[in-house]
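The tour goes from one selection to the next and says what is found at each stop.

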Amino acid sequence: MDVLTGEPLALDLLNTRANMPDGEFDVLASPDTFREWLLAQDGRLSPVETADDADLAAVRALRGHIAEAVEHARQGAAPPQTALDALHEAQRAAPPYRRLTWDGAALTATVIRAGDSRARLLAELAEAAVDLLAGPAVTKVRGCEGPGCRMLFLPAHPRRRWCSPALCGNRVRVARYYQRHKD
Ligand SMILES: [Zn+2]
């Protein structure tokens, strides 16, 4: 998969919609690419039982609200209340609680979430968005400088300009090369 992963989870979610050289690509347009993306999250999300069209539609809707909230917050502006309400709603539908189990000798507590598989997924994504939005890093979120690229990232290094040097860094170098050798 060519989309950017490995950023804070909320940004990874926003980066599921990408402008690729051959047009717009949406990870959430098909259950297969969505499952692939979930695997790439490598334990950052609870296992998802299904990834059907209704799940995808729900995640797409939440992604829209998170995109709106991040876009405002990273410029130091107040996000629309509808976007924030959507994040609250998603978390409230699957709150975490601690379940006690007897292991034969003692009780152990494990944090789990109420709600079905979809509600849990949405709650985890919303929680990741809240972490980002309320954290000090949100104003450091940067958009890739690649032409037409819409990937967002949190630069660990202040000079980082591309979502990925392999993707956009190369694309820009190639474009410049042809620009220089055009005449
Ligand atoms: Zn890029």
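Begin with the lining of the largest cavity, which by class holds three nonpolar, two polar and two charged residues. Here Ala, Val, Leu, Ile, Met, Phe, Trp, Tyr, Cys and Pro count as nonpolar, Asp, Glu, Lys and Arg as charged, and the others, Gly among them, as polar. To see this lining, select S46, P47, V48, S117, R120, L121 and E124. The volume of the largest cavity is about 40 Å³. One cavity of 30 Å³ or more turns up when the whole structure is searched.

Some terms are needed here. On a 1 Å grid over the protein atoms alone, a cavity is a set of points where a 1.4 Å probe fits but cannot get out; a pocket is an open set with protein on both sides within 12 Å along at least five of seven lines; lining residues have an atom within 4 Å of a point. Grid points are joined across faces, edges and corners, and a volume is the space filled by probe spheres set on the points.

This is a predicted model, in which local features need pLDDT of at least 70 and side-chain atom pairs count only at pLDDT 80 or more, while totals for chains, interfaces and linings use all residues. Residues are numbered from 1 along each chain as its sequence is written, and side-chain values use heavy atoms, with hydrogens and water left out.

**Stay on R120**

R120, one of the cavity-lining residues, sits in helix α5. Show its neighbours: leaving aside residues up to four places away in sequence, R120 touches E49, A94, R113, A114 and G115 (contact means heavy atoms within 4.5 Å). Then draw a distance from the C-alpha atom of R120 to that of R92; the two are 28 residues apart along the chain and separated by 10.0 Å.

**Zoom out**

Colour by secondary structure. The protein has six helices and six strands, in the order α-β-β-α-α-α-β-β-α-β-β-α from the N terminus. Helices (H or I, at least four residues) and strands (E, at least two) are DSSP runs, numbered from the N terminus. The C-alpha trace spans about 80 × 35 × 35 Å along its principal axes. Of the 183 residues, 37% count as buried (buried means under 20% relative accessible area, exposed over 50%, partly exposed in between, with a 1.4 Å probe and protein chains only).

**The largest pocket**

Next select L14, N15, R17, R60, R63, G64, A67, E71, R150 and L152, which line the largest pocket. The space in this pocket is about 180 Å³. Which helix gives the most to its lining? Helix α3 (residues 53-73) does, with five residues. By class the pocket lining has three nonpolar, two polar and five charged residues.

Is N15 buried or exposed? N15 counts as buried because its relative accessibility is 1%. Beyond residues up to four places away in sequence, N15 touches V3, L4, E7, R150, M151 and L152.

**M151 and the core**

From N15, move to M151. Outside the four places on either side in sequence, M151 touches V3, L4, N15, A18, M20, R142, G143, C144 and C163. M151 is also among the residues with the most contacts inside the largest nonpolar core, together with F34, W37 and L125; this core has 45 residues. The elements giving two or more residues to this core are α1, β1, α2 (31-40), α3, α4 (81-92), α5 (117-134) and β6 (152-153). A nonpolar core is a set of buried Ala, Val, Leu, Ile, Met, Phe, Trp, Tyr and Cys residues joined through side-chain atoms within 4.5 Å.

- Select D42, in the loop between α2 and α3. D42 has a positive phi of about 45 degrees although it is not a glycine, and at 67% relative accessibility it counts as exposed.
- Select G146, in the loop between β5 (142-143) and β6. G146 counts as buried, at 5% relative accessibility.
- Select R99 in strand β3 (residues 96-102). R99 is partly exposed, at 44% relative accessible area. The C-alpha atoms of R99 and T110, 11 residues apart along the chain, are separated by 5.3 Å.
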